[in-house]
Amino acid sequence: MSTRSRHEARWTHADAKATGRLPRNAWWMLPLLAALSLVALYGGYRVYMGIATVTYEVRQCQEPLTEQSTWADVQSAACEPVSADALTMALMRGEERVEPDGVSGSVLTWEAWAVNSPEHSVDLDLTQPAETVVIGEPEAQRVRVALTSDASDTSWGGFIGGRGPTSYWVLLTPAG
């Protein structure tokens with residue numbers, strides 16, 4: 001009987017066999033593929049959820065606004081930027097309260113916020129009562145939602161929803 005393997009033809013010459021070391025296993029490919037997969041998943045999540053910086057600018061209006069107000073009503077209400085020091089604002093991610101990452105004058109900023117998340121809500125506490133509080137979108141030139149208040153008109157909240165812009169206006173109308 002011959003010493004040849006079953007897959008070799010019987011007519012091959014003994015010196016015609018391939019000799020040398022077999023190729024080594026590329027063991028380092030598994031961790032590399034796992035790392036690349038994680039980077040792709042993370043990048044895909046950031047794109048899908050629209051991770052971006054979101055800003056809310058606080059403005060005080062001379063006339064009350066409602067959810068049905070047009071952008072012309074917002075312009076005629078003479079809403080001017082005011083300092084954000086007179087209020088405490090937080091965005092709600094589900095039941096998690098998220099404080100702003102930065103406050104600069106009238107602008108509150110949240111870094112790395114999931115813009116496309118469907119669970120955005122606003123929680124706003126004022127030092128002075130307000131008649132109305134609405135959230136506006138200056139880029140789309142529309143009023144997005146009117147917030148509801150407690151009995152003292154100092155604590156306001158409402159559902160913003162998802163897939164919004166990255167820039168909002170908080171339009172306050174003082175009581176009285």
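Me: In this predicted model, what makes E8 and E9 a hairpin, and which residue in the turn has a positive phi?

Reply: Strands E8 and E9 form a hairpin with four residues between them, and Gln141 in the turn has a positive phi of about 50°. The two strands run antiparallel and are joined by four bridges. Two strands count as paired if at least two bridges are found between them, so E8 and E9, with four, qualify as a pair.

Me: Are Glu137 and Arg142 buried or partly exposed?

Reply: Glu137 has 5% relative accessibility; buried means under 20%, so Glu137 is buried. Arg142 has a relative accessible area of 39%, which lies between the limits of 20% and 50%, so Arg142 is partly exposed.

Me: How do you know that strand E8 is largely enclosed by the rest of the structure?

Reply: Strand E8 covers residues 130–137, and seven of its eight residues are buried, so E8 is largely enclosed. E8 also pairs with strand E12 (residues 167–174) in the antiparallel sense over six bridges. Within that pairing, Thr132 has Thr173 of E12 as its bridge partner.

Me: What makes the contact of Arg59 with Glu57 a salt bridge, and why is Arg59 called buried?

Reply: The closest N and O atoms of Arg59 and Glu57 are 3.5 Å apart, and the cut-off is within 4 Å, so the pair is a salt bridge. Arg59 has 14% relative accessibility and Glu57 has 18%. Buried means under 20%, so Arg59 counts as buried, and so does Glu57.

Me: Why are Arg93 and Glu96 called partly exposed?

Reply: The relative accessible area is 31% for Arg93 and 42% for Glu96.

Me: How do you know that the span of helix H1 agrees with expectation?

Reply: Helix H1 has 21 residues (residues 29–49) and should span 30 Å; its end C-alpha atoms are 30 Å apart, so the two values agree. Just after H1, Gly50 takes a positive phi of about 65°.

Terms used. Residues are numbered from 1 along each chain as its sequence is written. This is a predicted model: local features need pLDDT of at least 70, side-chain atom pairs count only at pLDDT 80 or more; totals for chains, interfaces and linings use all residues. Side-chain values use heavy atoms; hydrogens and water are left out. A salt bridge is a side-chain nitrogen of Lys or Arg within 4 Å of a carboxyl oxygen of Asp or Glu. Buried means under 20% relative accessible area, exposed over 50%, partly exposed in between (1.4 Å probe, protein chains only). The expected span of a helix is 1.5 Å times one less than its number of residues.
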